[in-house]
Amino acid sequence: ERRLRLPSRKALEGVADMYRIHAKGSDDRLRACALAILVVTGFRVGELLTLPLDCEVTESAGGKVRYGLRYYKEKARGAEKMLDVRWLTATGADLACEAITEIRAITAQVRERAKVLEQNPGRVPLPGYQWSDPMSPQEVAKILGLECATSAYGLPRDKVPLHQGNGKSFFRAGEVEAYLLSQRVPCLWTLDRKDGTYQMLSETLFIAFQRSFQSRYGANPLLVEPLKFGPLNSFLVGGGGTKSAFERFGLCEADGTFCKMTSHQFRHWLNDIADKGGLPVDLQTRWLGRENVQDTQAYRHATVEERLQWVKNGIRNSEICGTIANVYFALPEEERDVFLESQIQAVHFTPMGLCIHDFAIDPCPYHLNCARKCPDYLRTKGSQQEHQNLIQIQRRTKQALGIAQAQVSAGNGETAQAWVRHYEETLAGVEAALAIDDDVTISDGTMIQPFPNHPSRFQPL
């Protein structure tokens with residue numbers, strides 16, 4: 001059931017084709033760019049559509065420049081809307097930067113009109129007309145973006161009366177303005193930050209002229225509204241007599257049926273990539289803006305069999321090294337796969353690397369203190385994330401060791417001495433795990449057991 005939440009590869013390729021080839025008009029381009037941002041960020045739709053205009057963030061850290069998008073977390077603790085940053089990969093940053101540049105160009109005129117409305121919150125000023133000016137049907141049609149003069153006669157007469165004078169029909173500018181005011185979105189802001197401030201239309205990335213996404217009518221260049229879920233969803237999945245973009249552009253699955261995809265599937269897809277790539281669940285949770293690690297479980301789509309197969313293939317291909325791999329290659333070829341199938345029963349991703357301890361047989365004696373020479377812990381050579389986690393453990397352990405040594409010096413007996421031994425063993429294990437990165441005989445990406453001389457459950461073989 002979880003795997004059904006993932007989009008098909010054809011659907012993802014279809015979204016790429018929409019963005020690169022098929023989407024032409026400004027309304028389609030705006031929505032295609034919105035999907036491009038979802039592809040690289042996995043935002044919730046509410047987070048996407050409330051992105052501030054100045055959402056781009058660039059920072060230098062450790063000599064490297066990183067790029068991210070500021071956004072308002074949709075599910076944050078407390079009442080206030082919290083700003084966070086979704087940092088992106090280099091490829092993701094390129095695509096997001098390109099899409100946002102195009103969005104700003106598409107919405108430039110819309111934004112100028114939004115500023116006029118914000119400066120006149122009780123009015124909808126008609127450019128070039130005073131309150132009492134007469135307006136011909138042609139002028140009304142033009143200023144409202146209607147297709148032709150006859151469309152102006154279709155305006156509700158109880159709100160926009162048609163007057164006669166000098167043998168001509170005309171409207172009053174003031175009455176047209178009053179009608180527009182009744183049609184304007186109630187609020188000129190898109191986000192209540194819950195701290196007494198608001199994000200205005202002109203400060204929001206995704207805005208459009210009213211009726212921009214209604215093909216039966218032309219866009220109204222005098223009224224501005226935020227891009228909402230409805231137009232984005234109808235572009236992606238259709239409905240209500242509207243064809244999806246997949247149908248309009250003829251984007252099909254291998255069996256000839258039109259591709260289908262929802263906006264939330266981007267989030268599932270990115271989480272699946274991170275999960276299969278070995279990103280620890282706590283980092284998946286934090287990167288995707290969740291508050292609770294348990295919420296991430298619904299987005300982990302890799303099956304137990306897929307994880308196990310990945311590890312077994314890693315051993316077969318010499319990408320995973322250590323006692324288990326040594327035993328595997330020491331066995332006759334006809335016995336190797338039997339050994340792997342019987343011994344590798346579980347796979348877990350930890351902040352420090354991979355664990356193959358089978359909790360169904362024994363509780364973990366280390367409780368995520370893998371660096372204390374756990375025989376089931378595998379370290380990835382060159383992994384900066386694992387390296388940083390080990391550095392943090394090393395720093396905290398040194399601080400704790402200093403406190404324990406001070407307690408021993410103060411004469412606090414054997415309890416403090418036991419903690420000194422514990423911290424010294426942890427530091428020795430951390431140093432052994434970190435030393436993997438300095439071993440020039442090991443290729444980057446190889447997973448290896450850092451403690452080859454530590455007793456292993458495979459040693460008797």
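Helices (H or I, at least four residues) and strands (E, at least two) are taken here as DSSP runs, numbered from the N terminus. With that convention, Glu177 is found in helix α8, residues 173-183. Before I go on, please note that this is a predicted model: local features need pLDDT of at least 70, side-chain atom pairs count only at pLDDT 80 or more, and totals for chains, interfaces and linings use all residues. Residues are numbered from 1 along each chain as its sequence is written, and side-chain values use heavy atoms, with hydrogens and water left out.

Let me stay with Glu177. Is Glu177 buried or exposed? Glu177 is buried, because its relative accessible area is 5% and buried means under 20%, with exposed over 50% and partly exposed in between (1.4 Å probe, protein chains only). Its side chain has two polar partners to show you. A polar contact is a pair of N or O atoms within 3.5 Å; within protein, one must be able to donate a hydrogen and the other to accept it, and residues adjacent in sequence count only if both atoms are side-chain atoms. The side chains of Glu177 and Arg123 are joined by such a contact at 2.7 Å. A polar atom of the Glu177 side chain also lies 3.4 Å from the backbone nitrogen of Val124.

I turn next to the sheet. Three strands form an open sheet in the order β1-β2-β3, with antiparallel pairing; two strands are said to pair if DSSP finds at least two bridges between them. Strands β1 (56-61) and β3 (83-87) stand at the edges with a single partner strand each, so one side of each has no neighbour in the sheet. From one strand to the next, the twist averages 40°, where axes are lines fitted to C-alpha atoms, for helices over the stretch in contact, and angles run from 0 to 180 degrees between N-to-C directions.

The two pairings can be taken in turn. β1 and β2 pair in the antiparallel sense over six bridges, and Ser60 has Val65 in β2 as its bridge partner. These two strands form a hairpin with two residues between them, and Gly62 in the turn has a positive phi of about 60°. Strand β2 (residues 64-72) pairs with β3, again antiparallel, over five bridges. Here Leu69 is bridged to Arg86 in β3, and Gly68 to Trp87 in β3.

Trp87 brings us to the side chains. What lies over the face of Trp87? Arg66 does, at 3.8 Å from the ring centre; the criterion is that NZ of Lys or CZ of Arg is within 6 Å of the ring centre and within 35 degrees of the ring normal. Elsewhere, Arg336 lies over the face of Tyr328, at 5.5 Å from the ring centre.

On ring pairs, a search of the whole structure finds five aromatic pairs. Rings of Phe, Tyr and Trp (its six-membered ring) pair if their centres lie within 6.5 Å; planes under 30 degrees apart count as stacked, over 60 as edge-to-face and the rest as tilted. Tyr377 counts as buried at 0% relative accessibility, and Phe451 counts as buried at 4%.

Now to helix α16, residues 384-409. Its 26 residues reach 37 Å from first C-alpha to last, close to the 38 Å expected at 1.5 Å a residue; the expected span is 1.5 Å times one less than the number of residues. Ser383 caps the N-terminal end, with a side-chain oxygen 3.2 Å from the backbone nitrogen of Glu386. Among the buried residues of α16 are Glu386, Leu390, Ile393, Thr397 and Leu401. After the helix comes Gly411, whose phi is positive, near 80°.

I close with two loop residues. Asn166 is a residue other than glycine with a positive phi, near 55°. Asn166 sits in the loop between β5 (163-165) and β6 (168-172) and counts as exposed at 82% relative accessibility. Lys194, also not a glycine, has a positive phi of about 65°, and its place is in the loop between β7 (189-192) and β8 (198-200).
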